[in-house]
Amino acid sequence: MVKFSREYEASIIPEWKAAFVDYKGLKKLVKRIKIARRDAATPLLAGREAAGAGGGGRSSDGGGSNSSSGSYGFSVLDPVRALAAHFALTPASPEGGDGNDDDSESLESDSGELMRATDKHEQEFLEKADEELEKVNKFYAAKEADMLARGDALIEQLRILADVKRILADHAAASRRGRARLARTASSPPSVNGSNSGRHLLYSPFVASPQSMSDGSVELQQARVAEGAAVAEEVMAALEGNGVSFVGGGLGKAKKDGSGKQLMGRAALLQLPATVRIDIPPTSPGPAALKVWEELVNVLRKDGADPAAAFVHRKKVQHAEKNIRDAFLALYRGLELLKKFSSLNVKAFTKILKKFVKVSEQQRKTDLFSEKVKRSPFSSSDKVLQLADEVESIFLRHFAGNDRKVAMKYLKPQQPRNTHMITFLVGLFTGTFVSLFIIYSVLAHVAGIFSSTGNTAYMEIVYHVFSMFALISLHVFLYGCNLFMWKSTRINHNFIFDFSSSTAMTHRDAFLVSASIMCTVVAALVINLFLRNAGATYANALPGALLLLSAGVLFCPFNIFYRSTRYCFMRVMRNIILSPFYKVLMADFFMADQLTSQIPLLRHLEFTGCYFMAGTFRTHEYGSCTSSSQYKNLAYVLSFLPYYWRAMQCLRRYLEEGHDLNQLANAGKYVSAMVAAAVRFKYAATPTPFWMWMVIISSTGATIYQLYWDFVMDWGFLDPKSKNFWLRDQLILKNKSVYYASMMLNLVLRLAWAESVMKLHLGMVESRLLDFSIASLEIIRRGHWNFYRLENEHLTNAGKFRAVKTVPLPFRELETD
């Protein structure tokens with residue numbers, strides 16, 4: 001049976017850990033009480049043995065019950081018997097007693113000493129338990145009030161949304177009826193005379209031409225404007241009553257000037273139509289462009305022909321509805337966590353009080369404290385349960401079409417079941433990869449492929465293709481190791497990255513992807529080698545087919561091969577490539593940091609794409625890609641792109657997060673890396689002593705900058721005031737030496753650029769092997785950087801008790817003067 005302490009530690013909410021009952025601390029106090037009572041019972045036992053020996057001497061004439069009881073010698077049960085006898089005896093001796101009054105007095109004295117020895121520890125336990133109870137109640141009350149306020153705001157937002165949708169539907173129906181009436185009026189020719197004889201006028205529902213105004217349609221145009229203004233007035237009145245604010249002049253309440261006259265408010269609608277203020281943050285270029293377009297439309301449309309046409313954009317209403325739905329999901333998740341918080345703390349108090357009464361036998365004090373726990377808000381309040389039921393009912397009715405199965409799919413998503421099939425496939429693909437790699441190595445060695453006299457073009461093709469997929473596989477494998485460590489240390493990576501726990505990859509899935517990639521690539525290389533030995537002319541097309549297969553799997557629309565993960569990856573890559581037009585989320589800049597360590601992979605991808613897509617595999621001209629100036633310029637650009645994307649993300653965050661200077665400093669780090677890379681490229685082209693010293697200076701400065709940011713900003717280390725020497729106060733790993741070793745490893749691997757200055761004279765095979773090793777070491781550095789980066793992020797969330805994401809509400813309340 002699993003001990004409750006382990007079950008409790010495994011069940012608590014990681015971000016709220018500091019608010020839970022300190023079960024371990026209370027358990028230590030209980031153990032201290034037990035030790036104190038045992039130590040106090042030892043001299044009591046000795047005193048009783050001495051008293052028993054004296055009493056036996058005095059009763060030798062008249063019976064010898066004591067001597068008979070002591071004839072058995074010492075027993076391990078004597079302390080238990082002594083403790084039981086202590087609580088069984090009464091302080092006063094019975095009337096008519098014989099000469100045993102001195103023994104009774106000694107027993108009473110020993111009992112008082114025992115109580116005095118244990119009272120201090122018991123009082124300490126009760127005070128500590130009372131502090132923990134107050135802490136739990138305070139946290140629960142704050143979270144409960146926040147959840148209730150959030151629930152009221154969401155219900156109000158949902159009511160506003162329903163009114164907006166109803167008003168839009170009514171206005172659309174009224175607009176259709178108005179256009180039909182105008183069409184019927186325009187189809188009947190007006191009475192004409194003079195120069196306008198025989199002219200038929202066509203009235204547009206939106207624009208009135210000067211000619212139509214001169215042809216007797218002034219009354220019709222004024223009627224149409226008045227009708228539109230009346231509809232707009234009704235819409236605005238309804239929305240303002242629901243707390244919706246508006247953009248545009250003259251749309252607020254009527255104000256008074258200095259003379260006391262009311263200024264025109266809604267009447268100004270005829271000059272400048274308005275839009276409802278629906279605060280949808282422009283997280284992507286689409287909503288941003290839509291916002292600019294709406295502002296232009298609202299400024300340019302001054303004819304007043306259809307005032308309510310630009311009122312509320314339906315796309316924004318859809319965004320608002322999605323935000324409200326997500327906010328309900330987040331609220332329900334928070335309520336479920338708060339219910340779990342309540343039940344776990346109640347259980348913890350119950351368990352620890354049972355232990356306390358068992359060792360102290362203070363039943364009355366324990367009962368009083370148990371009643372206090374039962375009356376506490378976190379134990380007795382049912383507001384969270386009621387709100388959870390209400391949220392479930394609202395979501396079922398408004399967002400699931402009264403389909404409970406659909407509602408529960410969103411509110412309580414099922415966790416994926418762990419099966420042994422994935423573990424079996426990981427082992428199968430890994431064994432197959434090892435076998436195929438051995439076969440390929442033997443065949444290549446026999447054929448002399450990688451010897452100094454071997455086929456240079458083939459070796460370059462194999463190197464680029466194999467290195468590209470090998471680096472991807474290594475990165476995925478290290479990501480699987482990160483997932484395993486995050487799960488083991490209870491770092492909530494799915495919440496930090498905003499991943500769905502029902503579709504997010506596990507560490508077994510990552511290992512399976514890594515092993516399957518390497519197995520497929522090595523199998524393709526073995527088949528390619530067999531085809532070359534057989535004299536097939538299309539042998540070199542096989543690596544190109546492997547690229548097409550990989551692209552097909554990545555963009556496959558069917559729900560196979562981890563479609564949700566693939567689509568999430570493509571969405572994140574889109575956000576990175578189009579930086580800074582998309583809002584920067586945690587997953588976006590985390591993935592952009594991974595790309596800064598995968599610059600060699602981008603170079604391999606460039607060559608492979610050039611070689612196989614340009615058709616050069618038909619002529620076997622290896623230098624056709626590497627010798628062109630366009631290829632070199634593109635390689636230069638690819639080396640800068642990841643740093644550029646990351647710098648643009650920092651600038652976007654600087655503008656969005658209140659001009660945080662840390663974001664500008666972070667952007668400076670990537671700019672320094674770009675400068676250092678540019679100098680290294682120049683030194684590779686012109687290896688002169690001047691450029692060598694420029695490489696040393698620029699790369700050293702960039703390395704110091706990066707190390708400081710790694711240790712201080714990303715990992716939270718190098719804190720001189722920390723209780724952990726030069727680390728941080730809170731550490732998840734118990735062994736502190738791991739952190740120091742990781743810092744040293746990060747320092748060493750950051751100095752890999754020194755290889756470019758050494759100019760080692762190596763053969764082609766050795767040079768390619770060295771390049772691949774350095775690229776692999778950089779990925780390994782990034783892999784172990786990932787763990788500490790997310791550990792620091794997790795502790796930051798835990799420090800602010802952020803366990804549920806906050807979804808911004810779309811409708812902003814009307815601000816009045």
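Asp593 and Arg646 form a salt bridge, with their closest N and O atoms 3.1 Å apart. A salt bridge here is a side-chain nitrogen of Lys or Arg within 4 Å of a carboxyl oxygen of Asp or Glu. The pair links distant parts of the chain, 53 residues apart: Asp593 lies in helix H20 (residues 586-596) and Arg646 in helix H23 (residues 629-656). This is a predicted model, where local features need pLDDT of at least 70, side-chain atom pairs count only at pLDDT 80 or more, and totals for chains, interfaces and linings use all residues. Residues are numbered from 1 along each chain as its sequence is written, and side-chain values use heavy atoms, leaving out hydrogens and water.

**Salt bridges**

- Side chains of opposite charge can pair when their charged atoms come close.
- The whole structure holds 25 salt bridges.
- Asp593 is buried, at 5% relative accessible area, and Arg646 is buried too, at 3%.
- Buried means under 20% relative accessible area, exposed over 50%, and partly exposed in between (1.4 Å probe, protein chains only).
- Asp498 pairs with Lys805, the closest N and O atoms being 3.6 Å apart.
- That pair also links distant parts of the chain, 307 residues apart: Asp498 sits in the loop between helix H16 (493-497) and helix H17 (507-533), Lys805 in the segment after H28.
- Asp498 is partly exposed at 49%, and Lys805 is partly exposed at 40%.
- Glu657 and Arg653 meet in a salt bridge of 2.9 Å, N to O.
- Glu657 is partly exposed at 39%, whereas Arg653 is buried at 16%.

**Helix H25**

- Helices are DSSP runs (H or I, at least four residues), numbered from the N terminus.
- H25 covers residues 689-714, and its 26 residues should span 38 Å at 1.5 Å a residue.
- The expected span is 1.5 Å times one less than the number of residues.
- The end C-alpha atoms of H25 are 35 Å apart, which agrees.
- Its buried residues include Val695, Ala702, Trp709 and Phe711.
- Among the elements covering the buried residues of H25 are helix H24 (661-685) and helix H28 (764-799).
- Gly716 follows H25 and has a positive phi, near 75°.

**Residue Val553**

- Val553 belongs to helix H18 (residues 541-554).
- Val553 is partly exposed, with a relative accessible area of 31%.

Definitions and conventions:
Helices (H or I, at least four residues) and strands (E, at least two) are DSSP runs, numbered from the N terminus. Contact means heavy atoms within 4.5 Å.
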